[in-house]
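Consider the model shown here.

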Amino acid sequence: MSNATAVLQLRGIHKKFPGVHALKGVDFTLRPGEIHALLGENGAGKSTLIKVMTGVYTRDGGDILLDGQPIFPASTGDAQALGISTVYQEVNLLPNLTVAHNIYLGREPKRWGLIDWKTINQRSRELLKNYDLDIDVTQPLSSYSIAVQQLIAIARGVDMSAKVLILDEPTASLDADEVQSLFRIMRSLKERGIGIVFVTHFLDQVYAVCDRITILRNAELVGEFEAATLTRPELVGHMLGKELAALEDRLHQTTSESAAAPALTLTQVGRPGTLEPVDLQVAQGEVVGLAGLLGSGRTELCRLIFGVDKKQSGTMVFQGKTIHLSSTKEAIDLGMGLCPEDRKHDGILGPLSIRENIILAQQIKQGWWRFIPRKQQNAIAEKYVKDINIATSDIEKPIEQLSGGNQQKVILARWLASNPSLLLLDEPTRGIDIGAHAEIIKLIRQLCEQGLSLIVASSELEELVAFSDKVVVLRDRRKVAELTGSDIQPDTIMRAIASA
Amino acid sequence: MNAFLSNPQLRRYLWPVAGLLLLLLINLIISPEFFNLTFKDGRFYGSLIDVLNRAAPIALLAIGMTLVIATGGVDLSVGSVMAIAGAVSAYLIVSGVDSLTVIIAGGLAAGLVGGMINGLLVGYMNIQPIVATLILMVAGRGVAQLINEGQIVTFQHEAFSFLGTGYFLGLPFPIILVIITFVLVQLLMRRTALGLYVEAVGANASASRYLGINARAIKLSVYCLAGLCAALAGMIAAADIKGSDANNAGLWLELDAILAVVIGGASLMGGRFSLVLSIIGALIIQTLTVTIIMSGIPPKFNLLIKASAIILVLLMQSPRFQQQLSSLMLWRKRHG
C-alpha cells in the first residue's frame with residue numbers, strides 16, 4: 001500500500017452536482033501491472049470517479065497523484081497526454097474513418113506536410129498484430145464488430161503511451177469468446193506494467209481477471225480488497241450494504257404468489273433479426289423480470305410488446321383480446337406504458353418542463369383536441385412530484401436540469417398518470433443515484449400491490465430477485481429459461497444466462 | 001424583478017423585449033415625432049403604424065416559421081410561396097374571376113399545396129428540411145414566373161386590394177390579418193395539445209415516437225400551416241402593389257422570417273416555441289429597417305448595420321455571452 005509504488009492515487013476525492021453529492025471523500029490506489037476492479041451498484045459513483053480521473057469532471061476536493069506528482073486534468077485530452085487512457089462501452093471513435101486513421105487520429109504522421117497514409121496503415125497493421133487482430137486496417141471502423149472496435153480503441157489508447165488504462169464496462173456488449181480474448185490482452189498489458197482499472201457488472205469476470213477490488217457504495221468508499229481473499233457473498237454484501245437483508249425478506253414473500261388472471265399472453269411472438277419467437281405470460285398484478293446481458297433481447301422484447309417495432313410472427317393477447325399493434329399509440333390506448341432503456345434518447349423531452357413531461361402520456365391517451373386544462377396539469381404534476389418524491393423546486397423546470405434518478409421518476413410519473421394496466425420498465429434504475437434507486441424499487445413493489453402488471457428488464461440480478469414473481473432469461477435474442485418461486489436467485493439467473 | 005428573472009418562462013421575454021424597446025428609444029432620440037399618432041378620417045397615422053403595417057408579411061411568415069422551426073425543421077420556400085400565391089390571385093383576377101372568396105381560396109390553395117410538398121418531403125420521405133424546402137424555394141419562383149408568363153401582371157380589383165391597402169377599425173388591414181392569424185394559430189396550438197406535440201417532436205423525435213405521437217403528421221401540418229401563412233403574406237404583397245411580380249415578391253423574406261424566429265429566442269434544433277416572441281422578432285427587424293432610414297445614414301450602409309444589430313441581439317441572448325459579460329463587469333468592479 002505504499003505510495004511510492006502507486007502509479008495512480010486518488011485521495012479524498014469529492015464531487016458535487018446540484019442536489020447530489022456524487023463522491024464523498026473517495027480513495028483509490030492503482031499500482032503498475034495490476035488489474036483493479038472498480039465495483040458498485042448503479043449510482044454508487046463509479047462513473048463519476050472515472051470521469052474525475054479522466055478530466056471529464058473537475059474534482060471539488062481531494063488529490064490525484066500520477067507517479068507521485070499531483071495532476072489536474074482539465075479534459076480527456078489532458079488526461080491522455082499524461083498517460084491515462086479510457087475505453088468506454090460505447091466505443092467513442094469515428095465509425096466512418098478507417099481503422100488505421102482512427103488509431104492515429106489527431107497524431108497523424110506527416111510527410112511534406114501531408115498525412116502519410118502508407119506509414120499509418122503499416123504501423124496500424126503491426127500494432128494490431130500484438131492484439132491478435134489480423135484485419136484490413138483500410139476499412140472503415142464501422143465494418144467491424146463492437147468487440148473488434150473496442151480492441152482497436154484499446155490499441156489506440158495504449159499506443160498513446162498509457163500508464164493507466166481505464167476500461168469502462170468493456171464487456172457489456174461482447175460474447176464469451178470475445179471476452180476471453182479481451183482478458184488475454186488485458187493480462188499481456190498488465191505484464192508490460194500498465195495499471196488497468198476495470199469497471200464491470202459481471203462478478204465472474206472480476207474474479208477471472210482482477211487482482212484487487214475497490215468497492216463504492218452510495219458515493220462512499222467501502223474498501224479495497226484482494227480478489228483472492230474476498231468471497232463472492234462478501235463482495236455482494238459490500239456492494240449492496242444493509243439492503244441485502246431487506247432483499248431476502250422480499251424473496252420469501254414472492255414465492256407464495258398465486259396465479260391470477262393473465263393480463264398479457266405472448267405465443268411465439270418474434271421478429272426475424274430482432275427476436276426469436278418467445279412465449280410469455282404475465283398475470284394481473286404480477287412482476288415479470290427480464291434478465292440477460294446487454295443485447296440479449298430484453299429491450300427488443302419490450303419494444304415488440306409496446307409496438308415500437310412490429311411483431312412479424314405469433315399472437316399477442318392483452319386482457320382477453322388478440323391485438324396487432326401498428327403503433328405505440330395503440331398500445332397506450334390499450335393501457336400500456338414503456339419506460340425505455342435509453343432515458344435520454346427515448347424518454348425525456350429535455351427542454352420541456354417537468355409538468356409537460358408528466359402529463360404527456362395522459363394527454364396522448366385523451367387525444368390532441370381534448371387538452372388537459374392547465375390547472376389540472378399542475379395538479380397532476382404536483383401530485384406525482386409529491387407522491388414519488390421528485391426532487392425539484394418547481395414543476396416548470398426543464399426536465400433536462402434534473403438528475404438522472406429524478407428524470408426517471410418523471411418518466412415513471414408520466415406513465416402512472418396515464419393510468420395503465422401494464423407497465424414495461426426497461427432498465428428503470430440504470431445510471432441513477434442510490435437514493436432514487438431504492439425509491440424506484442419501492443415504487444415498483446407498491447405498484448404491483450395495487451394490481452398493476454409489470455415487466456421489468458434489468459441487468460441488476462439482485463434487483464430482479466427482489467421484486468420479480470417470475471424471471472424470464474434471454475440470451476442471444478431468444479428466451480432460454482423461465483424461473484419461478486425459489487429458483488429466483490442471483491446464482492440461478494446467472495447460470496441460466498451463462499449456460500451454453 | 002428577481003422573481004421575474006428566475007422564472008424561465010418569463011425570462012425568455014427579457015432580451016427580445018429589451019431589444020425592441022432599445023430600438024424604439026433610439027428612434028425617439030433621432031426623431032421625437034416617431035411616437036406621434038394622429039387620428040384622421042377614422043384612420044390612425046404615424047411611424048409606429050407604418051412599422052406594424054410593413055412588418056405584417058414578415059410577421060405572418062414568422063408565425064408559420066416558428067412552428068416549423070419548433071419541430072426542428074426550417075422552411076426556405078416561404079418567399080417563393082408568397083410569389084406563387086400572388087401570381088395565382090393575379091391570374092384569377094385577370095382571367096375575369098370577380099369573387100373575392102375564389103381569389104383568396106385560390107391563393108391559399110397554392111400555399112397549401114406548397115406546404116404539403118414540403119411536409120411530405122420532410123415528414124414522409126425524411127429529406128433534410130433545408131434541402132427539401134430549397135427545392136420549392138428555387139422551383140417555386142419559376143412556377144410563379146410561368147403563371148405570370150414572365151411578365152409583371154397588374155390588376156384592378158377593389159376588394160382584393162383591400163387586403164393590402166384597406167383600413168379596418170382605424171388600422172391598416174394587414175395588421176388586422178396578422179392579429180387574426182396570430183389568435184387563430186395561438187388558439188390551435190395552446191388550447192389543444194397540438195403545440196405540446198409540436199414541441200415534443202422538436203425536443204426529442206425518438207421519445208415522441210415512443211409516446212405514440214405521429215411525428216410525420218405533425219410535420220406535415222406545420223409545413224402546411226407555414227404554406228398558408230406565406231400565401232396570405234403573398235396576397236397582401238400583391239394587393240399592396242396591385243400586381244404580381246414573380247421575380248421580387250417575397251424575395252429573401254424567408255431569411256427575415258427565420259431571423260425573426262431566432263431573435264425571438266427559439267432554438268433551430270427545435271423544441272420550445274413562442275409565437276409572441278417571434279412576432280417581437282419580426283417587429284425588431286422592421287423597426288431596425290425604419291430606424292436606419294430615419295437616421296439619415298446613406299442607404300448603402302443598410303444591410304451592414306442590420307447585420308451588426310442582429311449579431312448584437314443574438315449575442316445578448318447567448319447564455320455564455322451573458323456569463324462572460326457579467327464576469328467582466330465583476331472583474332472591472334474589483335480592479336477598477
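In this predicted model, B:R272 and A:E356 form a salt bridge in which the closest N and O atoms are 2.4 Å apart. The count of salt bridges between chain B and chain A is one. Polar contacts also cross this interface: the rule finds ten residue pairs, with both residues at pLDDT 80 or more. On the side of chain B that touches chain A, at least two residues each come from α2, α9 (194-203) and α10 (205-210) of chain B. Of the elements on that side, α9(B) gives the most, with six residues.

How many residues of chain B are in contact with chain A? There are 22 of them, and they touch 31 residues of chain A. The size of an interface is often given as the accessible area lost when the parts come together. For chain B and chain A the buried area is about 2,200 Å², and carbon and sulfur atoms give 64% of this area. B:L196, B:Y210 and B:L211 together supply 34% of what chain B buries against chain A, more than any other three residues.

Chain B also carries a nonpolar patch on the surface, with an accessible area of about 810 Å² in total. The patch is formed by B:L22, B:L25, B:I26, B:L28, B:I29, B:I30, B:F35, B:I293 and B:M294. Two elements of chain B give two or more residues to the patch, namely α2 (8-30) and α13 (275-294). The largest contribution is that of α2(B), with six residues. B:M294 belongs to helix α13 of chain B. This residue counts as partly exposed because its relative accessibility is 32%, a value between the limits of 20% and 50%.

Is A:R298 buried or exposed? A:R298 counts as buried, because its relative accessibility is 2% and the limit for buried is under 20%. The residue lies in helix α10 of chain A, which covers residues 298-306. A polar atom of the A:R298 side chain lies 2.6 Å from the backbone oxygen of A:G292. The side chains of A:R298 and A:E427 are joined by a polar contact of 2.9 Å. When neighbours within four places in sequence are left aside, the residues in contact with A:R298 include A:L290, A:A291, A:L293 and A:E341. Also among them are A:R430, A:A457, A:S458, A:S459 and A:L474.

How values were computed: Residues numbered from 1 in each chain as written. Chains lettered and ligands numbered in written order. Predicted model: local features only at pLDDT ≥ 70, side-chain atom pairs only at ≥ 80, totals over all residues. Heavy atoms only, no water. Patch = residues over 30% accessible without salt bridge, like charges linked within 9 Å, V, L, I, M, F, W, Y side chains within 5 Å. Areas by Shrake-Rupley, 256 points an atom, 1.4 Å probe, with all protein chains shown as cover. Salt bridge = Lys/Arg side-chain N within 4 Å of Asp/Glu carboxyl O. Helix = DSSP H or I, 4+ residues; strand = E, 2+ residues; numbered from the N terminus. Buried < 20%, exposed > 50% of the residue type's maximum accessible area, 1.4 Å probe, protein only. Contact = heavy atoms within 4.5 Å. Buried area = accessible area lost by both parts, 1.4 Å probe. Polar contact = N/O pair within 3.5 Å; in protein donor to acceptor, adjacent residues only side chain to side chain.
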